[in-house]
Amino acid sequence: MTVTPGWYMALAAVLFTIGASGILLRRNALVMFMSVELMLNAVNLTFVAAGRNLNVLDGQVSVFFVMVVAAAEVVVGLAIIVAVFRRRQTASVDELSEMRG
Amino acid sequence: MFDYHAIAPELIIGVTLLLVIGVDLLAPPGRKYLAGVVGLVGLVAAAFPLLTMAACSDLAGCTDTGVRAMFDGSYVVDDFALVLKGLFLLTGVISLLLSVGYIEKDRYYEGEFYFLLVASVAGAVIMASARDLITLFIGLELVSGPAFLLAGWRKGDVRSNEAALKFFLMGVLSAAILLFGMSLVYGLTGEITFSGIRAGSAVVADEPAFILGVVFILVGFAFKISAVPFHFWAPDTYQGAPTPVAAYLSVGSKVAGFVGLISISYLAFGGVAEIWGPILWLLAAVTMTLGNLVALKQTNVIRMLGYSSVAHAGFVLVPFAMAATFDSAGMEEAIFASITYLLIYAFMNLGAFGAVMAAVSKSGSGELPDWGGLGRYAPGVAGFLGLFFFSLAGIPPLAGWFAKFVMFKAVLQASGSVWGVTLAVIAAVNAVIALFYYARVVKTVFMDDVPETAPVDEAARTPLSPSLALALGLTAFMVVVTGFFPQLLAFFGDAARALTLGP
């Protein structure tokens, strides 16, 4: 059986769904953040599979940009999560409910 | 050929960013506001190439069509881009003016704050010219990335932490959804430029994956513009973040989201408006209604402004809601209406946040009941509050009425359409609901008694910081003058009709 681009797309969709479920179901800020990274990797897989299938490099180039932005987001995100953890000794988002309504 | 004139604003902002870091390094403690001054001068300087480009078609020896394309058409400077870049620079200037006194007083890290604010403005300036998916995404992330940090600037404050974390998680989630949509659209059309997607979209318009891609892109932007049901981060973030940052987020970051949404849906998906038009209709109706209804029961004024800015996002979406039935002239009318609304909204909302900052410093509280009698012991601040809140409500002769007027005009141009009229009725009902909570603030300020707890004696005599007074004066001037002479901002909204794919 050959692996056609459709399979890659399906795998990407599954990864994206797992990531999205992680965001919705998990309550630890770090784990939620990892779920977002999983979603971004699903995006990368789609870009590469589509680029390979179409034989244009745009998709592969896009992946580099996505990876760089994801790395920058890690820097920002971990800084914020560390700041929260220092103040409250927890990274659970359920504890963060000062503001409501 | 590389057009240095066209990219001069971005280059100047880049140099400004380096200067801001340098000045922050060299300035002695207590003089860190100099970094903010440098950022301010840089943003003003970056506006000059915009003026020369706008005037270029009238100058001798300058032979361009008014549309400059670079990087294979990925980066286009047309009149739409010029207008929006000007607005972003001005938003940056006013946000810096709001910040200087606030940040200095509470001894937060100063130089880095100004650096991140200017960096975020740079991202917005890039977005106005982006004509392919990657440039658009990079611009959007450059707007959001620094804003995540700015929202959490008060590190010791639990609410500021919470604001930053909620904003960050929602921001990266929306970026991932947006990107997944982009990758699907790319996979089906084989193009990342807007022109290529537009050309390729006709063939794949019925593919479920393509429709899913378009919907995901819309959802990604809906988070950025805080449209219901993707708005829940916005009030929490505005309330917890430092107030000048909330002002910037509600204008700079939100308008940047709208610029991305408008340019991608008009330029790239212009041929498949029947996919995204109805979604925007639904978003507009729900956003206006829910934003206004929840704003009614808020007692914290900044949180109320958060919901009010959610509601305004709904009003801005209204002209595009009937896109599926518009011809190209109708689409241009919708762009004119939305951009004019955004221009006016920018001034009145920045002014409103500035007035709220002043009122908080006078009354020592952000809760509405504590503001009773503000009009007696701080009449100037109370006057500004009344001015901006009535303008947000859309009461003539303040600028807000003209924004609402062009919005109704654009949606009703599809005459005979039941859906268009229905949406206009929903918008009209919402305008009335909104008046209620804006007027309640003004009533408390001018008619209620001073509460026992108010620190009337000392705080009332402290004058406002000069930069905050300057920002208030600037925005109040624009709001009043535009109200009497709408042509002032309508001229720029009119120029923004020239939203193009390139020469």
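**View 1. Interface of chain B and chain A.** In this predicted model, 42 residues of chain B are in contact (heavy atoms within 4.5 Å) with 42 residues of chain A. About 3,500 Å² is buried between the two chains, 78% of it on carbon and sulfur atoms; buried area is the accessible area (1.4 Å probe) that two parts lose on being put together, summed over both. On the chain B side, B:Leu165, B:Phe180 and B:Tyr186 lose the most area to chain A, together 17% of what that side buries.

View 2. The rule finds zero salt bridges between chain B and chain A, a salt bridge being a side-chain nitrogen of Lys or Arg within 4 Å of a carboxyl oxygen of Asp or Glu. The elements that give two or more residues to the side of chain B that touches chain A are α5 (133–151), α6 (158–189), α9 (233–240) and α12 (301–317) of chain B; helices (H or I, at least four residues) and strands (E, at least two) are DSSP runs, numbered from the N terminus. α6(B) gives the most to this side, with 22 residues.

**View 3. Cis peptide bond at B:Pro229.** A cis peptide bond, with omega about 5 degrees, joins B:Val228 and B:Pro229. B:Pro229 is found in the loop between α8 (208–224) and α9 of chain B.

**View 4. Positive phi at B:Asp72.** B:Asp72, a residue other than glycine, has a positive phi near 55 degrees. B:Asp72 lies in the loop between β1 (68–70) and β2 (75–77) of chain B. At 81% relative accessibility, B:Asp72 counts as exposed (over 50% relative accessible area, 1.4 Å probe, protein chains only).

**Notes.** Residues are numbered from 1 along each chain as its sequence is written, and chains are lettered from A and ligands numbered from 1 in the order in which they are written. Local features need pLDDT of at least 70, side-chain atom pairs count only at pLDDT 80 or more, and totals for chains, interfaces and linings use all residues, while side-chain values use heavy atoms, with hydrogens and water left out.

Key. Buried < 20%, exposed > 50% of the residue type's maximum accessible area, 1.4 Å probe, protein only.
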